[in-house]
Amino acid sequence: MKIFIDTAKIGEIKEAISWGIIDGITTNPSLIREAAEEEKKNGKETDLYSYIEEICRTAGKERPVSLEVISQEADMMVKEAKFLYHKFNPIANNVVIKIPINTRTEEKGADYEGLVAINKLEKEGIPTNVTLVMTPEQALLAAKAGATYVSPFAGRIDDDIRKNLGIKFNKNDYFDFELIQEIFKTRLKEQLKKQAEEKISDLYHDSKIRFLRDGGNDDGITSGVDCVSKIVNIFRKHGMKTKIIAASVRNARQMRELAQTGCDICTAPMSVIREMLRHHKTEEGVKRFYSDAVHAGYDELFKSL
Ligand code: G3P
């Protein structure tokens with residue numbers, strides 16, 4: 001499995017690359033904004049053009065860099081994509097264009113503009129990374145349109161399920177969907193016992209029972225990890241070539257579960273990559289080995305270094 005870093009901060013990209021574990025970079029307008037604001041705070045004002053150039057140069061030849069379009073109509077998305085690709089790809093031959101799966105909003109737009117843009121760009125040899133994917137159905141259509149990558153947003157799917165269930169959480173909290181399932185299963189059993197005398201058909205259509213059976217899931221999706229796992233299953237069953245980038249990763253345990261799904265890539269922010277490295281027993285072990293090494297005379301051994 002490949003690991004991408006989900007950031008536009010050049011310092012973070014450089015640092016994570018120096019650790020030897022980064023295979024690519026994903027950005028989006030929010031991450032670019034965050035990085036630009038940090039630069040400004042540090043008194044380093046650069047224009048967006050030079051900044052993106054530097055991201056691509058820092059990533060280097062082997063690491064794809066996803067850059068996102070901003071329009072909602074296919075024609076404009078294609079124009080923006082070509083601009084980004086032709087300006088920045090020559091730097092290190094690594095640009096991938098992020099296109100939302102569906103750019104329709106309540107206010108305006110049509111459902112299919114993203115698909116049209118993906119298809120046109122891929123036919124012209126410009127690789128796309130289809131973003132804001134929240135369901136396996138969307139991922140399937142992105143793959144059919146020819147996408148090189150598809151990015152399901154695991155963390156935001158969890159956010160939505162937790163919000164619907166009224167569960168309070170902080171952005172980086174692990175979402176324990178197994179516990180949720182147990183709670184719902186137990187309540188469902190109790191409810192079925194209470195209504196034991198009712199006809200099967202009435203039970204089947206009872207909204208309370210259906211709610212408990214669904215376990216608060218989103219149309220059959222129980223978590224972000226579950227969504228990614230279902231996409232992996234569909235793509236592998238049908239031999240689809242589109243690579244799956246599990247995105248919107250919020251913590252190390254979620255990253256582990258995403259890796260277990262068999263997805264091709266996980267893109268994670270620096271904070272999650274750091275969290276993956278930590279364990280209190282590792283820290284304790286380092287301290288103990290060091291103190292034992294001193295007692296054993298290692299500092300004498302290494303004196304000449
Ligand atoms: O790669 C997508 C990612 O940047 C979104 O993450 O944490 O804002 O949902 P998040």
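Let's start with Leu 132, which counts as partly exposed because its relative accessibility is 33%; buried means under 20% relative accessible area, exposed over 50%, and partly exposed in between, with a 1.4 Å probe and protein chains only. Leu 132 is found in strand β5, residues 128–133. Helices here are DSSP runs of H or I with at least four residues, strands are runs of E with at least two, and both are numbered from the N terminus. Now look at the backbone: Leu 132 is not a glycine, yet its phi is positive, about 60 degrees. Most residues other than glycine have a negative phi.

A word on what you are looking at. This is a predicted model, in which local features need pLDDT of at least 70 and side-chain atom pairs count only at pLDDT 80 or more, while totals for chains, interfaces and linings use all residues. Residues are numbered from 1 along each chain as its sequence is written, and side-chain values use heavy atoms, with hydrogens and water left out.

There is another residue with a positive phi to show you. Asp 219, also a residue other than glycine, has phi near 50 degrees. Asp 219 lies in the loop between α10 (207–214) and α11, and it counts as exposed because its relative accessibility is 67%.

Let's step back to the whole chain. The secondary structure comes to 15 helices and eight strands. The C-alpha trace spans about 85 × 65 × 40 Å along its principal axes. Of the 305 residues, 44% are buried. If you take contacts, meaning heavy atoms within 4.5 Å, with a separation of 6 or more, then 64% of them are between residues 24 or more positions apart.

Accessible areas come from the Shrake-Rupley method with a 1.4 Å probe, and for residues only the protein chains shown count as cover. As for charge, there are 47 positive and 48 negative side chains, and the centres of the two sets lie 2 Å apart. Lys and Arg count as positive and Asp and Glu as negative, with His and the chain ends not counted; each charge is placed at NZ of Lys, CZ of Arg, CG of Asp or CD of Glu.

Now, the ligand. Which residues surround the ligand? They are Asp 6, Asn 28, Leu 31, Lys 98, Phe 153, Arg 156, Lys 171, Ala 247, Ser 248 and Arg 250, where near means that a heavy atom of the residue lies within 4 Å. An N or O atom in the side chain of Arg 250 is 2.9 Å from an oxygen atom of the ligand. For Asn 28 the corresponding distance to a ligand oxygen is 3.0 Å, and for Lys 171 it is 3.2 Å. The ligand has 310 Å² of accessible area on its own, and the protein covers 88% of that.

Is Ile 245 buried or exposed? Buried, because its relative accessible area is 0%. Leaving aside neighbours within four places in sequence, Ile 245 is in contact with Phe 4, Asn 129, Tyr 149, Val 150, Ser 151, Pro 152, Ile 265 and Thr 267.

Thr 242 sits in the loop between α11 (224–237) and β7. Thr 242 counts as buried, at 5% relative accessibility. The side chain of Thr 242 reaches the backbone oxygen of Ala 147 at 2.8 Å. That is a polar contact, a pair of N or O atoms within 3.5 Å; within protein, one must be able to donate a hydrogen and the other to accept it, and residues adjacent in sequence count only if both atoms are side-chain atoms. Beyond four places in sequence, the contacts of Thr 242 include Tyr 149, Val 150, Phe 235 and Asp 264.

Gln 195 is in the loop between α8 (177–194) and α9 (200–205), and counts as buried at 10% relative accessibility. The side chain of Gln 195 makes a polar contact of 3.1 Å with the side chain of Asp 206.

Last stop: Ile 52, in helix α3, residues 48–59. Ile 52 is buried, with a relative accessible area of 7%. Ile 52 and Phe 88 are 36 residues apart in sequence, and their C-alpha atoms are 7.6 Å apart. Leaving aside neighbours within four places, Ile 52 is in contact with Ile 32, Leu 67 and Phe 88.
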